[in-house]
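Reader: I would like to learn how to read a protein model feature by feature. Please show me one and start with a detail.

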Amino acid sequence: MFACVAIAASMFDAASAPRASAAPAGGCGSSDAAVHEVAAGDTWFEIASDAGVAMRDLLAANDAEASDAIHPGDELCLPEGANAPTGGAAAACGTTSATYTVASGDSWFVIARRVSTTLADLLDANGSTARTVLQPGDRLCLPKGSVLAVNVNTVVPLAALPVQGPCWYGNTWQAPRGGGRRHEGVDLIVTPGNYVYAVADGVLSRRAWDQPGSLSGNAWWLTTADGTYFFYAHLSDFAPGLQTGTRVRAGQIIGFVGSTGNSATPHLHFEIHPFGGEPINPYPTVRAAGGCKRGAGYEQPGGWIPET
Ligand SMILES: [Zn+2]
């Protein structure tokens, strides 16, 4: 019997994990009901569209509401009449093969380079050609010998969004920057002075003050219990009373959006370093957490509404 909405192993402890969606404990109704495993960036709407069913039917099949959060690895029941899963490239990999979840903006070439394999081997492992269209959320098999030190498209569950919306952002992972550097974060374009929030419970482990020649400007490093840290740059100012070593809660205001350091326009530069290692692309994480919310959709992943 399938337990629907099995929550994927979280990189965070239960205390800081977003609430799980309510799902029937008894499985998907019939033993042969189709199941969809949630991929990075999936939304209720997109899953329903892909399956060719109404969103209300998908929600009903999972005893869920549209506001319930879904997370990569969750298993959802598909209602009767759902299409067979598509995703042409997502062939069944051998049980020992590593897989890779396609993110927005990925291409066959970019993925091959990222995992240190050849384009030909990557295509071969997936029975695909370079013309096979990749969709965000598709799962690819990685050929033997691939090196995936860090899955840059890992989604880290956030208990709060990093900024007070409205905001605007795009996928600029690895975009060229001055001095031969590559962009290792996501830039959230926000009205200056808007709040910057702790995205998880943790400790403000390091602070940088703006000074001439500074790249980051005013910046915080927020470190969680497993060593994961989040880097927030270009703040106009820090929230009062905070210092290096201060313990903060998810959703707590830690600063204000600005344009200090190497910044041309008010924005928050936000990075994620799982377990204290190399950065991952934070774009899928921010997107999965709800992106730039405003108005009635202002509810945060943790269920609270920011003060305005
Ligand atoms: Zn940036």
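Predicted model: local features only at pLDDT ≥ 70, side-chain atom pairs only at ≥ 80, totals over all residues.

Reader: What does pairing between strands rest on in general?

Author: Strands of a sheet pair through backbone hydrogen bonds, in either a parallel or an antiparallel way. Here, strand β8 (residues 202-208) and strand β9 (residues 218-223) are antiparallel and share five bridges. β8 is also joined to β12 by two bridges, again antiparallel. In that pairing, Val-203 stands opposite Arg-247 of β12.

Reader: Which sheet has β9, β8 and β12 in its order?

Author: An open sheet of seven strands, ordered β5-β6-β14-β10-β9-β8-β12, with antiparallel pairing. Its edge strands, β5 (167-168) and β12 (247-248), each pair on one side only. Further along the order, β6 and β14 pair antiparallel over four bridges. There, Asp-187 lies opposite His-269 in β14. Helix α5 packs on this sheet, where it touches β6 and β14, and its direction makes about 105° with that of β14.

Reader: How many of the residues of helix α5 are buried?

Author: Eight of the eight residues of α5 (residues 282-289) are buried, so the helix is largely enclosed by the rest of the structure. Among them are Tyr-283, Val-286 and Arg-287. The buried residues of α5 pack against β6 (186-190) and β14 (267-273). Just after the helix, Gly-290 has a positive phi of about 125°.

Reader: Which residues of helix α1 are buried?

Author: First the general idea. An α-helix has 3.6 residues a turn, so residues three or four places apart point the same way. Now the case: in α1 (residues 44-51), the buried residues are Trp-44, Ile-47, Ala-48 and Ala-51. They lie on the same side of α1, because they cover an arc of only 100° around the axis. What they pack against is β1 (35-37), α2 (55-61) and β2 (75-77).

Reader: Which residues take a positive phi although they are not glycines?

Author: Two cases can be set side by side. Gln-174 has a positive phi of about 65° without being a glycine, and its place is in the loop between β5 and β6. His-234, also not a glycine, has a positive phi of about 75° and is found in strand β10.

Reader: What kind of peptide bond joins Gly-165 and Pro-166?

Author: A cis peptide bond, with omega at about -5°. Pro-166 sits in the loop between β4 (139-141) and β5.

Reader: Where is Val-257 found, and what does Val-257 touch?

Author: Val-257 is in the loop between β13 and β14. It counts as buried because it has 25 C-beta neighbours inside 10 Å. Leaving out residues up to four places away in sequence, Val-257 touches several others, including Val-163, Val-190, Val-196, Leu-235 and Leu-268. Val-257 and Asp-237 are 20 residues apart in sequence, and their C-alpha atoms are 7.6 Å apart. Asp-237 itself stands opposite Phe-256 in β13.

Reader: What is the order of the sheet that contains β13?

Author: The order is β7-β13-β11, an open sheet of three strands with antiparallel pairing. β7 (195-197) and β11 (237-238) are the edge strands, each pairing on one side only. β11 and β13 (residues 253-256) pair over two bridges.

Reader: Which residues of the largest nonpolar core touch the most other members?

Author: Val-163, Val-196, Tyr-197, Val-199 and Tyr-232 do, in a core of 72 residues. Strand β10 (residues 229-235) gives the largest share of this core, six residues. Beyond its neighbours within four places in sequence, Tyr-197 is in contact with residues including Val-163 and Ile-253.

Reader: And the chain as a whole?

Author: The protein chain has five helices and 14 strands. Of its 308 residues, 43% count as buried.

Technical notes
Residues numbered from 1 in each chain as written. Core = buried A, V, L, I, M, F, W, Y, C linked by C-beta atoms within 7 Å. Buried ≥ 20, exposed ≤ 12 C-beta atoms within 10 Å, placed from the backbone. Contact = placed C-beta atoms within 7 Å. Arc of directions from axis to C-beta. Pairing = 2+ DSSP bridges. Axes fitted to C-alpha atoms, helices over the stretch in contact; angles between N-to-C directions.
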